[in-house]
Amino acid sequence: MTYLAKPKFHHPAIETNALGFTHRDYEGAISTLCAGCGHDSISAAIMRACFELSLPPHRIAKLSGIGCSSKTPTYFLGQSHGFNSVHGRMPSVLTGANLANRDLIYLGVSGDGDSASIGFGQFAHAIRRAVNMVYIVENNGVYGLTKGQFSATSDRGSKSKKGVLNADSPIDLVTIALQLGATFVARSFSGDKDQLVPLIKAALEHEGAAFIDCISPCIAFNNHDGSTKSFDYVRAHNAALNSLDFMTGKAPITADYAEGAMQEIALHDGSTIRLRKLNGDYDIADRAAALGHLYRVQASGEIATGLIYLEEGAGDLHARLNTDARPLNALGDRDLVPGAAALDRINAGLR
């Protein structure tokens, strides 16, 4: 019955955000994916994150490529800008759109086939150029649209639904994103909304290339015994790095106390909390340590999830190119065509 439009009416006491929008204002069309698909859970997490951040839907641009994952932008943020590109080419389209209009919030949705195979080079260049975006890969380790072949992220030794073993080494997009210079790197699981929603909120607020690899089991072709990306396998092997929440920015509240010590903190609403610092050894600001941790966890057969790396204040593509603060699509002829005199000065400086 997906051809039926969603009803517009809702309960008069439904929750609203700071803009007066309800959760329904962040929805899209009814999903046509298989019932139980992990991708729908990711769509729900995206809608929840945008609702809780009170983002105006018209300020968001959602882009995708080809695949089950790339169909999902139809199912969320129906009032946002959208563009469905060709297979593997979403990153270059997003980069061009970002250069033309830096005022929008860019959300790229892709899959393991779209980003780790035909679009691998496009993924790499968008990350290394620090395009200001949230890049989500809905990773199920299988080509769902073409009936269950292994993808480039399928783990070696994992078994297909037909019982075939994968002999190829996998591409770990989280490791690649770290090596390419992404300034926000995370991994999550479509079945863990308590972890995924804060990660998406933090990524949306981050300036620079934010990458989230989200394991999303394919209910039709990759959710069986022998799959390393099934619901049961990921739940049993999830090695979460951190317990996450996200708070929007206000005047900073600082604290300085030793590991293992307790400090009482006054909050903005007048209440107080008592904090005790844990003796932790994982540093999300250490890129080399993050890579080492990923290798160690992978070697033990576990899956590291959570916020893996964060670099604040690194800037984005516009900062590197020193572009105008105004969106390029808002500049007129006077700004874009300075005239012959300006050209003469440039030529004179090159002689």
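Me: Are H6 and H9 roughly parallel or roughly antiparallel to each other?
Reply: Roughly antiparallel. The cut-offs are under 35 degrees for roughly parallel, over 145 for roughly antiparallel and 65 to 115 for roughly perpendicular, with the rest oblique. Bear in mind that this is a predicted model, where local features need pLDDT of at least 70 and side-chain atom pairs count only at pLDDT 80 or more, while totals for chains, interfaces and linings use all residues. Residues are numbered from 1 along each chain as its sequence is written, and side-chain values use heavy atoms, leaving out hydrogens and water.

Me: Thanks! What angle do H6 and H9 pack at, and how far apart are their axes?
Reply: H6 (residues 173-180) and H9 (residues 287-299) pack at about 160°, and their axes are 10 Å apart. Axes here are lines fitted to C-alpha atoms, for helices over the stretch in contact, and angles run from 0 to 180 degrees between N-to-C directions. Helices (H or I, at least four residues) and strands (E, at least two) are DSSP runs numbered from the N terminus.

Me: And is the crossing of H6 and H9 left-handed or right-handed?
Reply: Left-handed, meaning the near helix is turned anticlockwise from the far one by less than a right angle; clockwise would be right-handed.

Me: Which residues make the contact?
Reply: H6 brings Val174, Thr175, Ala177, Leu178 and Gln179, and H9 brings Arg287, Ala290, Leu291, Leu294 and Tyr295. Contact means heavy atoms within 4.5 Å.

Me: Switching topic: which members of the largest nonpolar core touch the most other members?
Reply: Those are Ile46, Cys50, Ile136, Phe184, Ile200, Leu204 and Ile212, in a core of 33 residues. A nonpolar core is a set of buried Ala, Val, Leu, Ile, Met, Phe, Trp, Tyr and Cys residues joined through side-chain atoms within 4.5 Å. Buried is under 20% relative accessible area, exposed over 50%, and partly exposed in between (1.4 Å probe, protein chains only). Among the elements giving two or more residues to this core are helix H1 (38-52), strand S4 (133-139) and helix H7 (193-205).

Me: What does Cys50 touch?
Reply: Cys50 touches Tyr26, Leu55, Ile60, Leu77 and Leu204, if you skip residues up to four places away in sequence.

Me: What about Ala130, buried or exposed?
Reply: Ala130 is buried, with a relative accessible area of 6%. Just after H5, Ala130 takes a positive phi of about 60°.

Me: Which residues of H5 are buried?
Reply: In H5 (residues 120-128), they are Phe123, Ala124, Ala126 and Ile127. Their cover includes helix H3 (90-100), helix H4 (112-116), S4, H6 and S8.

Me: Last stop, the loops. Is Ser216 buried or exposed?
Reply: Ser216 counts as buried, at 0% relative accessibility. Ser216 is in the loop between S8 and helix H8 (231-237). Residues up to four places away in sequence aside, Ser216 touches Gly38, His39, Ile42, Glu138, Asn139, Asn140 and Ser190.

Me: And Lys162, buried or exposed?
Reply: Lys162 is exposed, with a relative accessible area of 80%. Lys162 is in the loop between strand S6 (149-150) and H6.
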